[in-house]
Amino acid sequence: GVVRSIGVSDYSISDLQATLDVANEPIDVHQVLWNPKKHDEAMLDFCQKNGIQLQAWSALGGAPGGAVSKPVLSEPVVKSAAAAHNVSTAQVVLKWSLQRGVALVVGTANPEHGRSDLDLFRFNLTSDE
């Protein structure tokens, strides 16, 4: 097969640069742990400067293996923003990533949560939120 684009996960900035230095095709997507409590601004900046789409895993603050997302979703600023926009805390956290140009990977077995996760385009967060 022929490689047309590259997707990576959990690379460091130096790993990304090393790959860019030798790859014949661009890195299109870099998937990382990303949520309001755990994110790397330098990584976002590097990806934006190099045309790499940053994609969030654990966008709601959970982690592989079943860790709960309540710490992020129960943050006072998140609750306040949710109340101000009449949306769920999950919607606020997902919108926070989208407004920063970070793509999302979300999943749920609950159809209502899935519909809610997609309803992110009727509000915008302020810079304070």
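**Stop 1: helix α4**

Select Pro76, Ala83 and Ala84 in α4. These residues are exposed. Keep in mind that you are viewing a predicted model. Now select Val78, Ala81 and Ala82, also in α4. These three are buried. Why do they sit on the same side of α4? They cover an arc of only 100 degrees around the axis, so they share one side of the helix. Pro76, Ala83 and Ala84 are on the other side of α4.

**Stop 2: just past α4**

Step along to Asn86. You are now in the loop between α4 and α5. Is Asn86 buried or exposed? Asn86 is exposed, because its relative accessible area is 65%, and the cut-off for exposed is over 50%. Check the backbone here too. Asn86 has a positive phi of about 55 degrees, although it is not a glycine.

**Stop 3: another positive phi**

Jump to Ser58. This residue is found in the loop between β3 and α3. Its phi is positive as well, near 60 degrees, and Ser58 is not a glycine either. Ser58 has 13% relative accessibility, so this residue counts as buried. The cut-off for buried is under 20%.

**Stop 4: strand β2**

Select Val32, which lies in strand β2. Val32 counts as buried, because its relative accessibility is 9%. Now show its contacts. What does Val32 touch, not counting residues up to four places away in sequence? The list is Asp10, Leu54, Gln55, Ala56 and Trp57. Pick Gln55 and draw a distance line between C-alpha atoms.

**Stop 5: the nonpolar core**

Next, select Leu16, Trp34, Leu54 and Val92. They are the residues with the most contacts inside the largest nonpolar core, which has 29 residues. Which elements each supply at least two residues of this core? Color these: β1 (6-9), β2 (27-33), α2 (41-49), β3 (53-57), α3 (70-73), α4 (76-85) and α5 (89-99). The largest share comes from α5, with five residues. In soluble globular proteins, nonpolar side chains tend to be buried together.

Stay with Leu16 and show what surrounds it. Leave aside its neighbours within four places in sequence. Leu16 is then in contact with Val8, Tyr11, Ile27, His30, Met43, Phe46 and Cys47.

**Stop 6: after α6**

Move to Asp119, in the segment after α6 (111-118). Asp119 has 30% relative accessibility, so this residue counts as partly exposed. Draw a line from Asp119 back to Pro76, where the tour began. Their C-alpha atoms are 22 Å apart in space, and the two residues are 43 apart in sequence.

**Stop 7: the whole chain**

Zoom out and show the chain as a cartoon. How many helices and strands does the chain have? There are six helices and four strands. Trace them from the N terminus: β-α-β-α-β-α-α-α-β-α. Along the principal axes, the C-alpha atoms fill a box of roughly 50 × 30 × 25 Å.

Color by burial. Of the 129 residues in the chain, 31% are buried. Then show the surface. Its accessible area comes to about 7,600 Å², and 52% of that belongs to carbon and sulfur atoms.

Finally, look at contacts between residues at least 6 apart in sequence. Of these, 55% join residues at least 24 apart.

Definitions and conventions: Residues are numbered from 1 along each chain as its sequence is written. This is a predicted model: local features need pLDDT of at least 70, side-chain atom pairs count only at pLDDT 80 or more; totals for chains, interfaces and linings use all residues. Side-chain values use heavy atoms; hydrogens and water are left out. Buried means under 20% relative accessible area, exposed over 50%, partly exposed in between (1.4 Å probe, protein chains only). Contact means heavy atoms within 4.5 Å. Accessible areas come from the Shrake-Rupley method with a 1.4 Å probe; for residues, only the protein chains shown count as cover. A nonpolar core is a set of buried Ala, Val, Leu, Ile, Met, Phe, Trp, Tyr and Cys residues joined through side-chain atoms within 4.5 Å. The arc is that of the directions from the helix axis to the C-beta atoms.
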